[in-house]
Amino acid sequence: MTPASVDPPAGAPEAGDSGPLTYEAAGVSIDAGDEAVRRLAPHARSTYRPEVLSDIGAFGAVTALPEGFADPVLVSANDGAGTKPLIAAALGRWDTIGIDVVAMCVDDIVTLSAQPLLFHDQITAGRLDPDVVEAIVTGLAAGCRSAGCALVGGELAEHPDALAPGDYDIAGFAVGVAERARLRGSIAGDATLVGLASGGLRCNGYSLARRVLLGETPDAAVLGSPAWPGADHSLGDEMLRPSVIYAPAVLALFDECGALGAAHITGGGLVANVARMLGPDVDAVLRRGSWPVPRIFGRIADAGPVTPEEMERVFNLGIGMVIAVPPPEADAAVAVAQGAGHQAWVIGEIRPGAGTAHLVQAGS
């Protein structure tokens, strides 16, 4: 079979040109990668926990288990920033995307009562720009410090032709540690549901939000307009609002309020994610109107238009984490969440059922 012809990357020698072909001419800059690694190392080291035994540059990260666990188990998750980096690229602002990636990973594992321990990142670019990479890693490090985990390593890759210059894909992988006896499984009995506030979109539903608010291509002029009529910040500011990191608050709710389970509200929206923490014999009832829905969701719904049912399937609608607690602990749970810096409300309860979640009107 004859290989298909491929146009050479910009700057590559034409067929018959004299001189050897280099990796640089093929679209990969080793020098840019080395410079990016040099810059990111101090940011990563700023997150190290006492358990970290290796340093940047090793082929693998070595981390000891924390002391104080009788029967420790590891809990892991990976995720990315979705299409939110398209907004960062349009605005040339990359310093918060790393926070989003960390949040998506650590807030998954903490639902099982796991303490975030270490984090690896994956940054892939069409053409590496050390300034952009440093900004991304600044956000990753900030997110890891907020979550209490160490940024111990990752991968920095340049993929010419697969991605265009200026395109970045960012993902991560988190590992946490939990006491086996305290792992949280499916909820089986009565509980009250406490919702922790998300001020905006976090990382979820951006494909729909971008199509509704920006059309086919993010436009800097539109992103510079008010987030909604009368807003004191731009649509770009709103769409780059970094994800809340809930991990320390959720661990406190497990420790201080005997939380029975938790649901991280990510892709799939509020109802579908709450259903993931339910056993087969209970339902979750969530009451609309028991928390304030941020204005950005109303703008998306009106501009689409997007039906209420679709909004509920796609977006968090202002709740980023749902915690199930014993009913007598509901008020204490709200106070603990508020003490950790989160707005929180009682938003529903667990009832006998069939393993599904429902949104109903307040008072139902």
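What follows is a short exchange about backbone and sheet assignments in a predicted model.

Colleague: Why is Arg 202 called buried?

Modeller: Its relative accessibility is 2%. Buried means under 20% relative accessible area, so Arg 202 counts as buried.

Colleague: Why is Asp 161 called exposed?

Modeller: The relative accessible area of Asp 161 is 62%. Exposed means over 50%, so Asp 161 is exposed. Asp 161 also has a positive phi, near 80°, and belongs to the loop between strand 3 (150–158) and strand 4 (168–179).

Colleague: How do you know that the peptide bond from Gly 304 to Pro 305 is cis?

Modeller: Omega of that bond is near -10°, and the bond is listed as cis. Most peptide bonds are trans. Pro 305 lies in the loop between helix 10 (295–303) and helix 11 (308–314).

Colleague: How do you know that strand 6 and strand 8 pair?

Modeller: Two strands pair if DSSP finds at least two bridges between them. Strand 6 and strand 8 (residues 319–325) have four bridges, in the antiparallel sense, so they pair. Ala 263 stands opposite Val 322 in strand 8.

Colleague: What makes strand 6 and strand 10 edge strands?

Modeller: The open sheet of six strands runs 6-8-5-9-7-10, with mixed pairing. Strand 6 (261–264) and strand 10 (357–361) each have a single partner strand, so one side of each lacks a neighbour in the sheet.

Technical notes:
Residues are numbered from 1 along each chain as its sequence is written. This is a predicted model: local features need pLDDT of at least 70, side-chain atom pairs count only at pLDDT 80 or more; totals for chains, interfaces and linings use all residues. Side-chain values use heavy atoms; hydrogens and water are left out. Helices (H or I, at least four residues) and strands (E, at least two) are DSSP runs, numbered from the N terminus. Buried means under 20% relative accessible area, exposed over 50%, partly exposed in between (1.4 Å probe, protein chains only).
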